[in-house]
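Colleague: I'd like a close look at one strand in this model and the partners it pairs with. Could you walk me through that part, then show me what else is packed around the rest of the chain?

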Amino acid sequence: MKKLISSLMALVLMLTALPLSAFADDTPFLCIGGTDVTAGNAADIFGDGTVSFSFESNTLTLNGADISSVIMGTTKSEGKNIYCGIYYKGDRPLTINTVKNSSVTSGTVEADATVYVIYADGSVIVTGKVLSVGTRKCRQAVCLYSTADVSFKDASATFYATSATDEGVAVMGINSVSFDNSEIWLYGPRSGSESIFDFITSTTVRTSNLNIISGSYFLGFEDATESEPGYAYMITVKPEPEPEPEPVDPGGQDEYPSYEEAEEEIIKTDTDKKDVKGSAFLPLRLKAKAKDKHKIVLSWKNVKNADGYIIYGSRCGRKLVKLKEVKKSRLTYTVKKLPKGKYFKYVVAAYKNTPKNGAKVLAVSKTVHCATKGGKYGNPTGVKLKAKALTIKKGKSKSLKPTLLHKRKVKTHVAKFRYESSDKKVATVNKKGKITAKKKGTAYIYVITQNGLYKKIKITVK
């Protein structure tokens, strides 16, 4: 394991030495089989229709692709080559979508080489048809490595670290590895090497709906043969049995406020002390993250039928102003050149253009408050709840007592937590977290921090 970490550090140092222009602004850097992805070649990177990339959605599409790793550098201490097939660095998660069976392999490498078949300095989402990732004989191998999170969503994928003679890892996400309606095969190195399953479970693996197939072949060691790997695990995840209810539609098209009316209400509201009238956490789910001392990244969810989004913001203590209007396909925005260690606040509104009534605002987010890095105060890092679900009899009440997670002291704006119900006809919640059951059914109560992080709890009313 120590050797693998040393090789990883060498790769990080080597890649960070690339020209700074490659990482300018918020444009991601992506290298596929030794070919840098640019605006000029993104639509058909290899000229054969098998690999393309969308800068807008940050999606790499594989359509029957066969990608081989290339030499990306060498370790200084040992002088051994480091190979990489897909290398990514960016602020937004990279989505790898396979529309036709594709493979990413180490290709021909030296026996003492280290291979990172897919390396991401950032989060990765794997989705789509069968993706095969593997290595040929080498000393150390990581099939898929992320410095942040790895998520499998509606995916079918196979990872082979079987040829690693020293150490082999199938999937590793430093923050978390999660699965959603996906079938994943993990093949580890042969007997005598360390277990890839130990590496997987040493990260924070989300297993709320994880179903490990029974049988000794999938759950234990299998002796290596000339034609078979040393051992294998299969992870399959079934969809959640009950979909989350959508928030209740506030009304018909004519009932939505006009662009001008909504903007006037947003600007006149003292958003340091309260939220904009009529605003809600759902469906936008706006959140803010301090990227560094001078940048804050905003992200939100798509609103059905929206034609675009308007972003409002200012330093806390001042009135909100309009910052930017973006198209419906864009769900993130980075605010730059901010002073370090200061709190800022933001609101996002979703609008739709109507033929007769002009622009109508479909939804206005709750205000998010976020501090840039480098100051006395920090931001919440999450919410902790004691339960994931509650059952309440109609007419009865229960109170939530969440815990705020943080690494640095947080200066509270508006409230430490805000609460929201996905269906007020089923269950309501007040500003103190008291839930009241209204009628039989299911709803979700959201507990939201001032920077937009949240936990939800399923409420069943009987």
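Modeller: Strand E22 (residues 308-315) and strand E23 (residues 321-327) run antiparallel, with six bridges joining them. Keep in mind that this is a predicted model. Five residues sit between E22 and E23, and the two strands form a hairpin. In that turn, Gly 317 has a positive phi of about 100°.

E22 also pairs with strand E25 (residues 343-354), again antiparallel, and here eight bridges join them. Look at Gly 308 for an example: its bridge partner in E25 is Tyr 351. As for how covered the strand is, seven of the eight residues of E22 are buried, so the strand is largely enclosed by the rest of the structure.

If you like hairpins, there's another one formed by E33 and E34, with four residues between them. Its turn holds Gly 433, which has a positive phi of about 90°. Strand E33 (residues 427-429) pairs with E34 in the antiparallel sense over three bridges, and Thr 428 has Thr 436 as its bridge partner in E34. Strand E34 (residues 434-437) has another partner in strand E30 (residues 397-399), antiparallel over three bridges. There, Ser 399 stands opposite Lys 434.

Stepping back to the whole chain, the protein has four helices and 36 strands. Of its 462 residues, 49% count as buried. Among contacts with a separation of 6 or more, 70% are between residues 24 or more positions apart.

Now for the packing. In soluble globular proteins, nonpolar side chains tend to be buried together. In this model the largest nonpolar core has 43 residues, and those touching the most other members are Leu 30, Ile 32, Leu 60, Phe 152 and Phe 159. Strand E13 (residues 149-160) gives the most to this core, with five residues. There's also a second, separate core of 24 residues, which includes Ala 290, Leu 298, Ile 311 and Ala 350.

Leaving out residues up to four places away in sequence, Phe 152 touches Val 126, Leu 144, Phe 159, Val 171, Val 177, Ser 178, Phe 179, Asp 180, Ser 182 and Ile 184. Phe 152 is buried, with a relative accessible area of 1%, and Phe 159 is buried too, at 0%.

That brings us to the rings. The structure holds 13 aromatic pairs. In one of them, the ring centres of Tyr 116 and Tyr 145 are 6.3 Å apart and the planes are at 75°, so the pair is edge-to-face. Tyr 116 comes from strand E10 (residues 114-121) and Tyr 145 from strand E12 (residues 138-146), so this pair ties together parts that are 29 residues apart in sequence. Tyr 116 counts as buried at 1% relative accessibility, and Tyr 145 does at 6%. Phe 152 and Phe 159 make an edge-to-face pair as well, because their planes are at 75°, with the ring centres 5.8 Å apart.

Ring pairs also build a cluster out of Phe 29, Tyr 87, Tyr 116, Tyr 119 and Tyr 145. A charge sits over a ring elsewhere: Lys 456 lies over the face of Tyr 444, at 5.0 Å from the ring centre.

Cys 31 is in no disulfide, and its nearest cysteine sulfur, in Cys 84, is 7.4 Å away. Cys 31 counts as buried, at 5% relative accessibility. For Cys 370, the closest cysteine sulfur is in Cys 316, and at 9.2 Å that is too far for a bond. Cys 370 also counts as buried, at 1% relative accessibility.

Conventions: Residues are numbered from 1 along each chain as its sequence is written. This is a predicted model: local features need pLDDT of at least 70, side-chain atom pairs count only at pLDDT 80 or more; totals for chains, interfaces and linings use all residues. Side-chain values use heavy atoms; hydrogens and water are left out. Rings of Phe, Tyr and Trp (its six-membered ring) pair if their centres lie within 6.5 Å; planes under 30 degrees apart count as stacked, over 60 as edge-to-face and the rest as tilted. Buried means under 20% relative accessible area, exposed over 50%, partly exposed in between (1.4 Å probe, protein chains only). A charge sits over a ring if NZ of Lys or CZ of Arg is within 6 Å of the ring centre and within 35 degrees of the ring normal. Two strands pair if DSSP finds at least two bridges between them. A nonpolar core is a set of buried Ala, Val, Leu, Ile, Met, Phe, Trp, Tyr and Cys residues joined through side-chain atoms within 4.5 Å. Contact means heavy atoms within 4.5 Å. A disulfide is a pair of cysteine sulfur atoms within 2.5 Å.
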